[in-house]
Amino acid sequence: MAKCKAKRKYEDVHRNFLEEWEDALFFIERNRKALCLLCSTMISHFKASNLQRHFSTLHANIVKELPKGTKLHKQTLSTLKSQVKRQS
C-alpha cells in the first residue's frame, strides 16, 4: 500500500502580504492577517483573489469616489491607516 501524503499547512505555502494591496484595495497587514481599512474586516489568507473579491463586492463605489492615484485617494488611505494605528 502507498503511504498517504501529509496535507500542506497554510504556513508552508509562504504567502506574503504585498504592499501594492494597500494602495489598490485599502488593505494592510495586521497580526499576520489582511485588515480592510474601510470596514475593519479581517481576511485570514493573503490571496489576491480573496482581497479583490472582498473589495469589489463590498466597496465597489470606492473606485468611483476615490480613483487610484488621486490626491483624495492618498489622503483617505493615510487617514484610515493613522486611525488604525491609534486604535492599537
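In which loop does Ser40 lie? Ser40 belongs to the loop between β2 and β3 (42-43). The legends below describe a predicted model, in which local features need pLDDT of at least 70, side-chain atom pairs count only at pLDDT 80 or more, and totals for chains, interfaces and linings use all residues. Residues are numbered from 1 along each chain as its sequence is written, and side-chain values use heavy atoms, with hydrogens and water left out.

**View 1. The protein chain and its secondary structure.** The protein chain contains four helices and three strands, arranged along the sequence as α-β-β-β-α-α-α. Helices (H or I, at least four residues) and strands (E, at least two) are DSSP runs, numbered from the N terminus. Of the 88 residues, 27% count as buried; buried means under 20% relative accessible area, exposed over 50%, and partly exposed in between (1.4 Å probe, protein chains only). The chain exposes about 6800 Å², of which carbon and sulfur atoms supply 51%. These areas come from the Shrake-Rupley method with a 1.4 Å probe; for residues, only the protein chains shown count as cover.

**View 2. The largest nonpolar core.** This core has 19 residues, and those with the most contacts inside it are Phe26, Phe27, Ala34, Leu37 and Leu51. At least two core residues come from each of α1 (20-25), β1 (27-30), β2 (33-36), α2 (48-58) and α4 (71-87). A nonpolar core is a set of buried Ala, Val, Leu, Ile, Met, Phe, Trp, Tyr and Cys residues joined through side-chain atoms within 4.5 Å. In soluble globular proteins, nonpolar side chains tend to be buried together.

**View 3. Surroundings of Ala34.** Not counting residues up to four places away in sequence, Ala34 touches Phe17, Phe27, Ile28, Thr41, Met42, Ile43, Phe46 and Leu51. Contact means heavy atoms within 4.5 Å.

**View 4. His73 and Phe26.** His73 lies in helix α4 and is buried, with a relative accessible area of 2%. Leaving aside neighbours within four places in sequence, His73 is in contact with Asp23, Phe26, Leu66, Pro67 and Lys68. Phe26 sits in the loop between α1 and β1 and is buried at 0% relative accessible area.

**View 5. Positive phi at Phe26 and Ser40.** Most residues other than glycine have a negative phi. Phe26, not a glycine, has a positive phi of about 60 degrees. Ser40, also a residue other than glycine, has a positive phi near 60 degrees. Ser40 counts as exposed, at 53% relative accessibility, whereas Phe26 is buried.
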